[in-house]
Structure formats: C-alpha cells, structure tokens
Amino acid sequence: MLRYFFKKFFHVIPTLVGISILSFAVIRFIPGDPVLIMLGERGANPEVYAEMKSKLMLDRPMHEQYWYFLKNAVKGDFGQSIVSKRTVIEEFSDRFPATLELGIVALFFAVIIGIPMGIFAALKRNSFFDYALMTSSLIGYSMPIFWWGLVLILIFSVKLGWTPVSGRISINYDIEMWSGLMLIDTLKNEITSEYGFAPFWSAFKHLLLPSIAMGTIPLAVIARMTRSSMLEVLGEDYIRTAKAKGLPWRRIVGLHALRNAMVPIITVIGLLFGSIITGAILTETIFSWPGIGKWIVASITARDYPVIQGGILFIAGMIIFINMAVDMIYALINPRMR
Amino acid sequence: MALLEVKNLSITFDTKKGPITPVRDISFVIEKGQSLGVVGESGCGKSLTNLALMGLLPDNATVKAEKMSFDGNDLKSLSNNEWQKIRGNRMSMIFQDPMTSLNPSFTVGYQIEETLKLHRSELNKVQRKKRLLELFDMVGIPDPARRLSQYPHEMSGGMNQRVMIAMSMACDPELLIADEPTTALDVTIQDQILNLLLDLQKQTGMALILVTHDLGVVAQNTSKLQVMYAGEIVETGDTQSLIHSPRHPYTRGLLNSHAGHGHPFRSPLPSISGLVPDLFHRPKGCQFKPRCDIAVKECELEQPQMIDCVRCLKVTGSLGGQQ
C-alpha cells in the first residue's frame, strides 16, 4: 500500500511541472497588457509604463519570467498579486476555505442523495420511479449552472424569501475566522455564547442555494452511475451465491453489491471534483461567494499574471491530489487493484 | 418421508418473444442421504430445475408445481424469511464457475464466516474460526490459516471451488446441489473436485444432487440417475441398471458418446446428430423425435408419458396397438 502511494506520488511531479508551463504560457497568449490595465488607459506616459513593466519583470525574456515564477512557487508565496500587492498564497488561503466549504457541501449533497436514488432506481428497474429519476437526472445534467443558479435565486430568495441572495453569512454577525469554514467557525464557543445558533443557521441558509446549484450536475452523474453500476453488479454470479447462502436482501444489496458497485462510482466522484471547481467559478460569481472561483475570474479581467498562474497551479494540484486520494480509496475497496 | 419431493414442476419464462417453458412436468424424489446424478446436454433445464429448488430463479420466471417440498416444508409458499433459514443452512448449492461465484471484494474466510454468523449464531468468534479451519481441512485446502485471509483472485479455480464447497458445507446441509461443479475447471482438477464432493456425501450422509457431463463419475458414485432432455426427464432409475441397460434412445446416445474404458482406441466417438429443440418452436409429440433413430410416425403425434421410468412410446410399448 505504501509503495503504491509513493509510485502515484512520483507521477504527480512531472504533471505539475507541465501544468506550470501551461498556465504560464496560456495567460501570455491572452490579448491585454497587465501594465496598461494597471496604469489605466489614459495615464500611461512612456517612462512610467517602462518603469512599471520592469518592476513587474515583464520586460525580461520569457524563460527568465518563468524561472522567476518557479522560484516563487518553490519559495511558497507564488509571487505578489499585481492588484493587491499581497502574496498570492495569502490571497489564496483567504479565499480557499470558502470554496472548499461550498464544494464539500455540494458534493455531500450530491452523494447523499445521488447514491440512494441510483440504488433505488436499479432495484426498481423500469418502474415509474426509475424513468422519472433518469429523466430528471438528464435534465439536471443538461442545465447550465448560471441559469439554474439564477432560477434558484428567483424562486427561493426573491419570490419565497426563504434564503439570502448572496454572501456567506449575514452582515449582522462578525465571525472571526479560525478554520475558514463558516459552518464550523459559527459553532465556536465565543460565537454561540454571544449569538446562540443563529449565525450557524445564517451560514447554512447562505450555503443552501449555491451548493444546490453546484451539486446538481454531480448529483445527476452520481445517480446515473450508481444505477448502471448497481444493475451490472446485481446480475453477477456472486450475488446469486449470496442469496444461496441465505443472506437477507438488505445485506446483499448494501454490502455485497454496493461494495463492488462503489468502484466506478468513486472514480466518477473523483472526476467530478474537476467539474466542481469549474462549477465554482460560475456559482461563486452568481452568488457573490468570496471563494477562489470569483477571485480567478476577477484576476483574469485584471490580467493579474501571478495570481492566474498561481491559482491555476493550485487548482490543478488540488485536482491531482484528489484523484490520487481516489486511487488510494480504490485500492482499499478493490483488492484486485493493490 | 422423502427429503425432497417434486411433482409436476414446470418453469415458464416471460420473454419479449412470448412465453417459453424450458422445464416441464418434472417429478422426482430424493431420500435422505441419497445421491442423484442428473445428466443431459446443455440447455436441457438441469440448472433451472436446481435454481427453482433453491428459490433463486429470476423474477421473470414462474414456477408451477403440484408439489415441491423439502423435509415437509412447502417450497412454493415460503416467505423470504423462511427461505433465508433454509438456504445455505439445510440446503446449499455450488455453482459452475467458482471464479465469478465468489465476491471479489471480500476474503474467502469472511465469505464463509458470513454463512456461519447467519445460521450458527450460537458460535462465538473463536468457535467460528475453529470451524473455518476445520472446513478448509475437510475440503483439502492446504495452509488454511493463510488461505482464509486471501481474496478469490489470489487463488486458482480449483481452490476457489473448494472454497465454495467449504462454504456450502459450513452448516452441515441435508441437501447439497452441485450444478456442474467442474465445468469451468481444468480437466486435471475435475476428478479431484468430484471425488471430494462424493467423499463428503458419504462422510456426512447428506443428500446430493450432482449435475454433470461426466457419466463415468455418475456411474460409479451416485445411487440414482436422471436423464433430462429439453426440459423433461426422459429416463430415470437406479444408476447401475440404467447405465448397463439404457432404454430411452437419448440415454443410449449419451452413453455411446462417452469415451469409456470399452471404447476402441483411436476410433471416432459416436455422437447424437442435431440440436436440442428451440424452445420457441418445440416439436409436437416426443421432443427427441427429430434426432431419434428409432422414431416412427406416431412419435410425432402423441407426447409420450412417463411409463415405467421411461418417456418413450416405442420402448414402453404404448404405441396404440402398433407394437
């Protein structure tokens, strides 16, 4: 198991180097000059422009710029944001917990609902429920997130007034961040003794719509995958053996079938992390969620090179490590993989 | 009282192309401790009959029977709960392919222990472990302590079939159904597994239904033999007399195509020409008629009844005054 881990781990390094080159190169292909954007189109007199350009090292040859980027990455701060003058890592760690919280809740929602629905559809194959579920999951899968997010806001926030429109928590509460996850920080003693559980509920309500918007596609994918994987496994010989042993149906489905059906489901969940991140960019923009999705969109508009480079590298690295974790879980469930 | 009694069992499947009846009007009885061999070509309904006895047929199958009882329990009207108490406990089954019949995600030890936990809940952990080692020893798996913690993919087909046997023997069943237990195995292992099964049957005194293509093994080791063709029993009886004086033309054909000791070296084996009938277009009258070399015109008109343990108009002399 440990050897398997290290083998996987060493595969990660070349991938990360490749991504760093790609993210470095791609932003330089986008038209738009960061110096010009910083100085404002009118205020650029040539000397100031040249001075700024050399300050940002943008007048150096490409390989030197890349080397500088790598050096900062290895140093750990990923350089300085052109816009805020803070280091990229500081900016990132301010915002990442918000995205993480949203992503976890969205995926949790997708898994908790998607897997049981898929199992149920497989057991009641070709029933009304099965057809209804498969149709609605197709709809869920095809809905554009920005549209779905707006529809949710329109119905639940504007018409019904059940949930807030944007942000992470009501401005009435001043929550000092400790873990960065609002659901956890609002449960700390100082907060509950001052406000009770109201801040927690507020944070929860703020999370509800964005996580539904972000979790809908994963939910649809997971439900479909669970259904087809379960159907396949239920037809296997070992399920018949389990029946012949006299095991109760619940145990056959919940243990013997699910354990084997989980392998492809977990792969899909791992891959869905990628779509969660892309989902975050849209969702966070719609719901003004202060996470990395919104941050990167803003940085692209501002041509904030260090932030974009660093941000993409972070996200890519995250996805790689999540996939690695998925591989590990794989090996745990499926003994043939070890 | 007979251990297992089946009377006029038919199995019907609802398919998209219409209903088919792969098994029809089967009747047989097994006494306690008796061994029954079942032979016949593939697609003759042998496996389906066994699955029906275990209540393991898929949902689109309908089982009709005048009587189907196991030790006084009416198998037709058992609730799920009652089935669970019989299956794997008093009546167990071994399947064709051991490689796919064991769950790949659990160790073999766990899978056998599960049966014990279910049906022998009075045993504690230590006793269960002891029983597991005993079972592995009984089915001839060397180094049982190590093997118990292995996964099915880490073992050979023969070893896995031994595991399956150990699993089915875990609760000392009164009836063991072995459905072509050696078909998926290497030829060199087939004999070992069959002999193991027959030894176990003699040791424990359980009843055994052995479905196989190997007439040699059946001839030596079972007390009763049943020949199936196209979902019907065409001949049945005491194994020795059936082997030595077969009466139904199909039984004779099967025995002739078996390379026994009496077969001349290097001469071609006789075979039965033709195929088992398509179940959507069953022939009228005798099912074997299209392939039969002694058939007469009347065989096509009338479906032969089981008379004196044979289902053949010609042999039983029930041709309306023609004989």
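I looked up the largest nonpolar core first, and it has 82 residues. A core here is a set of buried Ala, Val, Leu, Ile, Met, Phe, Trp, Tyr and Cys residues joined through C-beta atoms within 7 Å. Buried means 20 or more other C-beta atoms within 10 Å of the residue's own, with C-beta atoms placed from the backbone. A166(B), A178(B), L208(B), I209(B) and V227(B) have the most contacts inside this core. Helix α7 of chain B, residues 157-169, gives the most to it, with 7 residues. I also noted a second, separate core of 64 residues, which includes I82(A), M117(A), I217(A) and M230(A).

This is a predicted model: local features need pLDDT of at least 70, side-chain atom pairs count only at pLDDT 80 or more, and totals for chains, interfaces and linings use all residues. Residues are numbered from 1 along each chain as its sequence is written, while chains are lettered from A and ligands numbered from 1 in the order in which they are written.

Next I turned to the sheet in chain B. It is open, with 6 strands in the order β7-β8-β9-β3-β10-β11 and mixed pairing. Strands are DSSP runs of E, at least two residues; helices are runs of H or I, at least four. Two strands pair if DSSP finds at least two bridges between them. β7 (91-94) and β11 (232-238) of chain B stand at the edges with a single partner strand each, so one side of each lacks a neighbour in the sheet.

Last, I checked β7(B). It runs parallel to β8 (residues 175-179) of chain B, joined by 4 bridges. I94(B) has A178(B) as its bridge partner in β8(B).

Notes: A residue is buried if 20 or more other C-beta atoms lie within 10 Å of its own, exposed if 12 or fewer, and partly exposed in between; C-beta atoms are placed from the backbone.
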